[in-house]
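Reader: I am new to this structure and would like to learn how to read its features. Could you take me through a few of them with care?

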Amino acid sequence: MAKNMVSDGCTATVTAPAAVSSGDGVLVGSLFGVAHDDAANGADVVINLTGEYTLPKTSAQAWTVGARIYWDGTAATTTASTNKLIGVATAVAANPSATGNVRLSGAFTL
């Protein structure tokens with residue numbers, strides 16, 4: 001292993017922008033991940049940057065497999081607008097439905 005390697009890039013420790021529960025989406029700047037554990041606002045929290053997760057979604061949207069998924073601050077959505085790209089849908093999600101499966105891109109959001 002390289003002596004200058006910081007981590008494998010699958011997780012990052014960030015300052016929670018609000019109180020979060022394990023499994024919540026967390027966006028800090030352009031870095032999106034899913035909270036590994038609960039954390040209070042302002043506390044350190046480990047977020048998973050890779051993997052597939054069931055996330056809350058905009059209910060009034062139908063998703064297709066492979067659709068680009070964005071984060072609007074509280075839920076996953078297919079609406080790009082000013083939202084941050086977080087990954088792709090890995091399963092069909094009906095309109096209406098409360099959740100959808102998303103494979104995180106593992107990269108910073110644009």
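Reader: Does serine 97 count as buried or exposed?

Author: A word on the source comes before the answer: this is a predicted model, in which local features need pLDDT of at least 70 and side-chain atom pairs count only at pLDDT 80 or more, while totals for chains, interfaces and linings use all residues. Residues are numbered from 1 along each chain as its sequence is written, and side-chain values use heavy atoms, with hydrogens and water left out. Buried means under 20% relative accessible area, exposed over 50%, and partly exposed in between, with a 1.4 Å probe and protein chains only. Serine 97, at 18% relative accessibility, is therefore buried.

Reader: Where does serine 97 lie, and which residue does its side chain join in a polar contact of 3.1 Å?

Author: Strands are DSSP runs of E with at least two residues, numbered from the N terminus, and serine 97 lies in the loop between strand 8 (84-89) and strand 9 (99-104). A polar contact is a pair of N or O atoms within 3.5 Å; within protein, one must be able to donate a hydrogen and the other to accept it, and residues adjacent in sequence count only if both atoms are side-chain atoms. Such a contact, at 3.1 Å, links the side chains of serine 97 and lysine 57, and the serine 97 side chain also reaches the backbone oxygen of alanine 94 at 2.6 Å.

Reader: Is threonine 13 buried or exposed?

Author: Threonine 13, which belongs to strand 1 (residues 11-15), has a relative accessible area of 53% and is therefore exposed.

Technical notes. Helices (H or I, at least four residues) and strands (E, at least two) are DSSP runs, numbered from the N terminus.
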